[in-house]
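Have the viewer open as you read.

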Amino acid sequence: MSGTGTDSTASTAPAASTVHRIDTTRPHPARMYDWLLGGKDNYPVDEELGRQLLRLQPEIKQFARHNRGFMRRAVRHLADQGIRQFLDIGSGIPTEPNLHQIAQAAAPDARVVYVDNDPIVLAHSGALLRGTPEGVTRYIDADVREPDALLELAAETLDFTRPVALSLVALTHFLPDGDRVHELVGHYVRALAPGSHLVLSQATGDFDPETVAEGVAAYAARGATFVPRTHAEVARFFEGLELLDPGVVPLGDWRPHPGAAPVPAGAGPVPIYAGVARKP
C-alpha cells in the first residue's frame, strides 16, 4: 500500500495525452451521467441521447440525483460502521460531494480508490485526489472487465486482507450479459475480506417496461449498451452475502433521510434497484 496522505502519483498522464482516446461519436455512461446531473463535461452526442431519454422519462434527471443520494447514504453508513477502505468502480466525472468526501468526513483516515476508463474522467482525476491529510485518495485508469489487473492496481493502495466497501453504483446496467456480469461481480466479491460490503445500484424495467425498452433501443441506435435487469437478477448480485435492511429495493426506498427529496409525483418507484450487503 502507499503511505498516508493524498496519493498525488495517481493522476497518471496529463489530459492532453488522452485526447485521441476520446470517442465523441458514441455516448459514454460517465458523460451521460454528467449531463443528467447538470455538468458540462460531455459532448453533443451525450446531450442528444440525454434529451431523447428525457422525452421518454421526464423524471430521469431526478432519478440520477436519487442515485447519487443512495451512494452518499450507503457510504456514510459504512463509514459510521467502521469501514475505512472504499473501491469505487465506474466512478464517473467528479460531482461534489464525491465518495471520498463523504467517507473522509466521517472517517478522515479513510482510503479511497476510484476507477474508470474514460479519458474525460482521467482528465478530471485531480479533483478526485483532494482528500484529507490523514487519508488516501487515488484514481486508476482501468477496465472493470479486467478484474485481476484492476485489483492488482487497487492493492497498491488498499489492503484486501481487511474489509473494503466495493461500490458498483449505476455500473452493471452498462455491462452486457455477454460479459457474464454476475460472474464478474462475483470475482470482485471473492477478492474481498470478510466484513467487506457490496454497494450496488442497477436500472430495471420492472415498473415501466415499455418506456425502458424504448430507452434501450435509443442506446442501441447510438452503438451504446444499456441492460435493465429484474429484481431477481439484481438480487443475484448479492448471493452469498448478508443484505442490510431494507434489502434490494427501489433506490429511493433505501434508508431515505428525513426530509429527503421525494420521488417525483406520479412517477412511481425510481426504476433503479439498490442494495448493500456484507460479506460474512
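## Salt bridges

Twelve salt bridges are found in the structure, each being a side-chain nitrogen of Lys or Arg within 4 Å of a carboxyl oxygen of Asp or Glu. The model is a predicted one, where local features need pLDDT of at least 70, side-chain atom pairs count only at pLDDT 80 or more, and totals for chains, interfaces and linings use all residues. Residues are numbered from 1 along each chain as its sequence is written, and side-chain values use heavy atoms, with hydrogens and water left out.

One of the pairs is aspartate 23 with arginine 26, at 3.6 Å from N to O. Aspartate 23 is partly exposed at 31% relative accessible area; buried means under 20%, exposed over 50%, and partly exposed in between (1.4 Å probe, protein chains only). Arg31, Asp46 and Asp118 are joined in a salt-bridge network.

## Links across the sequence

Arginine 222 and glutamate 48 form a salt bridge whose closest N and O atoms are 3.4 Å apart. This pair links distant parts of the chain, 174 residues apart: arginine 222 sits in the loop between helix 8 (209-221) and helix 9 (231-236), and glutamate 48 in helix 2 (residues 44-56). Helices (H or I, at least four residues) and strands (E, at least two) are DSSP runs, numbered from the N terminus.

Another salt bridge brings together glutamate 242 and arginine 278, at 3.5 Å from N to O. Glutamate 242 belongs to strand 6 (residues 242-243) and arginine 278 to strand 8, so the pair ties together parts 36 residues apart in sequence.

Strand 5 pairs with strand 4 (residues 165-169) in the parallel sense over five bridges, where pairing requires at least two DSSP bridges between the strands. Alanine 165 has histidine 197 as its bridge partner. Strand 8 (residues 272-278) runs antiparallel to strand 5, joined by seven bridges, and valine 276 there stands opposite valine 199.

## Helix 6

In helix 6 (residues 147-154), the buried residues are Pro147, Leu150, Leu151 and Ala154. They line one face of the helix, because they fall within an arc of 95° seen down its axis, taken from the directions from the helix axis to the C-beta atoms. On the other side, Asp148 and Glu152 are exposed.
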